[in-house]
Amino acid sequence: MGRFRDVWRNLDARGQLTIVGSGLAVLVVLFFLYRVASSPSYATLATGLDPADASEMTKALDSAGVSYRLASGGTELDVVKGQESQARVALAGNGLPKGGHTGFELFDKQSLGVTDFQQRINFQRALEGEVARTIEQIDGIRGAQVQLVLPQDQLFLDQGSQASAAVLLTGAAAVDGSTVRGIAHLVASSVEGLDVQRVTITDENGTLLWPTADGAGAGGIASKLEAEQQYSAQLSALANAMLVQTLGAGKADARVHATLNVDQTTLAKVSYAKKGVPLETKTEEETLTSDGSSAAAAAGTSSNVPSYATSGTSGGGTSDYKRTNAETTYGVDKTVEKTVIAPGAVERLDVAVLFDKSVPADQVVDLRNAVGALVGLDANRGDTISTATLQFAAPPKEETAAAASGVGALMANPIGLLKYVAIALGAGLFLFFMRRSLRRRESEEFAAEPTWLRQIEGAVPIAELNAGPARAAVDPAKEKRDQVKEQVEDIVKKEPEKVAVQVGQWLRE
């Protein structure tokens with residue numbers, strides 16, 4: 001500390017200000033780095049929040065002891081990294097987020113003076129909110145608004161109206177037709193007496209998604225393109241996997257373009273057989289047997305008839321009469337067939353395969369046939385396959401890829417990059433000011449020349465020597481030199497560095 005005080009005293013005001021400024025700059029840089037390093041990192045927990053939901057979610061996180069912050073005007077909630085699971089559990093325990101919809105919790109508190117009309121309205125609001133919450137749980141749906149029309153019960157069915165629903169989806173651009181159909185059936189199944197064809201679904205752009213033939217807007221064009229792209233990508237992946245396994249990576253590439261028929265067709269067929277089918281059969285038999293003998297006339301009209309009237313029917317003849325009558329009712333052999341042809345039939349396949357020049361020609365022919373068999377080419381259907389042999393581009397070097405990945409990883413974390421830049425800047429400023437101060441001190445005088453050194457070089461007048469009392473017997477000059485010598489030896493022992501610097505300065509002069 002003594003040396004530091006001596007050095008500080010020997011500096012001029014400019015040098016002192018330079019050292020103080022450098023120290024303050026270092027302290028500011030260290031403080032900034034400490035704040036950046038100690039500040040917590042946040043992870044996004046929820047976006048697009050309703051202000052009411054955001055207020056309730058912050059209260060739940062406060063009670064759970066989870067650190068958070070609100071961003072994007074209060075519509076985004078971020079929590080400290082590492083506390084995401086704890087935050088989700090705390091929010092789920094409170095039934096959050098609700099999505100800004102009011103469900104059946106509307107009936108948790110009821111007043112005695114509520115009317116039947118208010119009850120119907122509250123039930124409709126609660127049902128709309130519950131359906132909207134259910135729709136928002138589907139992946140890809142950011143928000144949903146549901147409007148229901150619930151008819152009142154009437155005495156006669158023909159006097160009543162039918163239920164209907166209107167659904168507005170937000171963020172439904174990436175939703176396919178099957179998901180839209182699922183939402184329509186979900187809404188219809190959630191409301192009593194609601195037919196699925198009376199459900200209207202639109203997106204935020206006003207595009208009608210349901211009811212349509214395939215559940216997608218633009219008349220099924222998006223569904224057709226999506227189906228063709230998925231099927232083509234699947235066949236291309238199969239062909240490329242076989243080529244890579246056979247030739248290795250970077251030797252061949254296959255692309256498949258599929259044309260599909262996504263129209264749903266219903267085929268009805270009625271056929272009749274040439275022979276009828278017996279439905280009912282009736283058989284009638286009649287028999288009459290007589291041996292020719294006559295018996296006593298029975299009482300009645302026949303006994304009063306004269307004999308000449310019955311002379312032709314009596315006598316000793318015999319009779320054996322038998323009659324059989326069969327009647328069959330036939331039905332028409334009719335067959336009714338109703339077949340629903342599922343969409344997705346392949347109309348045509350076009351395959352293109354590129355080979356590197358290093359692949360032999362005989363292997364090109366064999367692999368062409370193998371790829372055609374793999375994707376299911378049909379010449380009668382008009383499918384085509386073409387091959388070409390080209391010089392493939394060389395793959396990028398590993399060093400370049402590694403360097404690119406390192407830069408990408410560094411740019412992906414701007415906070416970490418800022419830390420390193422701040423550290424380098426602070427160190428550079430500190431070294432610059434220190435070097436500037438040292439160079440200035442080299443050109444300046446280290447310390448003023450001591451008075452005792454000037455007294456050694458100067459001569460002492462005789463009058464001053466004789467002025468002191470009782471000095472006649474003692475040599476005053478020798479005594480003075482002895483004192484100075486002792487002082488010099490003492491200074492050399494205590495502060496050798498200053499003496500060496502001063503002697504060096506004298507030598508330079």
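Predicted model: local features only at pLDDT ≥ 70, side-chain atom pairs only at ≥ 80, totals over all residues.

Trainee: What span should the 14 residues of helix H3 have?

Mentor: At 1.5 Å a residue, helix H3 (residues 51-64) should span 20 Å, and this agrees with its end C-alpha atoms, which are 20 Å apart.

Trainee: Which residues of H3 are buried, and which are exposed?

Mentor: The general idea is that an α-helix has 3.6 residues a turn, so residues three or four places apart point the same way. In H3, the buried residues are Asp53, Ala54, Met57, Thr58, Ala60 and Leu61. Because they cover an arc of only 165° around the axis, they lie on the same side of H3, whereas Pro51, Lys59 and Ser63 are exposed on the other side.

Trainee: Which residues make the nonpolar surface patch?

Mentor: The patch, of about 660 Å², is made by Phe4, Trp8, Ile19, Val20, Leu24, Leu27 and Leu30. Helix H1 (2-10) and helix H2 (13-38) are the elements that give two or more residues to this patch, and H2 provides the largest share, with 5 residues.

Trainee: Why does Val20 count as partly exposed?

Mentor: Val20, which has its place in helix H2, counts as partly exposed because its relative accessibility is 41%, and this class lies between the cut-offs of under 20% for buried and over 50% for exposed.

Terms used. Residues numbered from 1 in each chain as written. Heavy atoms only, no water. Patch = residues over 30% accessible without salt bridge, like charges linked within 9 Å, V, L, I, M, F, W, Y side chains within 5 Å. Areas by Shrake-Rupley, 256 points an atom, 1.4 Å probe, with all protein chains shown as cover. Salt bridge = Lys/Arg side-chain N within 4 Å of Asp/Glu carboxyl O. Helix = DSSP H or I, 4+ residues; strand = E, 2+ residues; numbered from the N terminus. Buried < 20%, exposed > 50% of the residue type's maximum accessible area, 1.4 Å probe, protein only. Expected span 1.5 Å × (residues − 1). Arc of directions from axis to C-beta.
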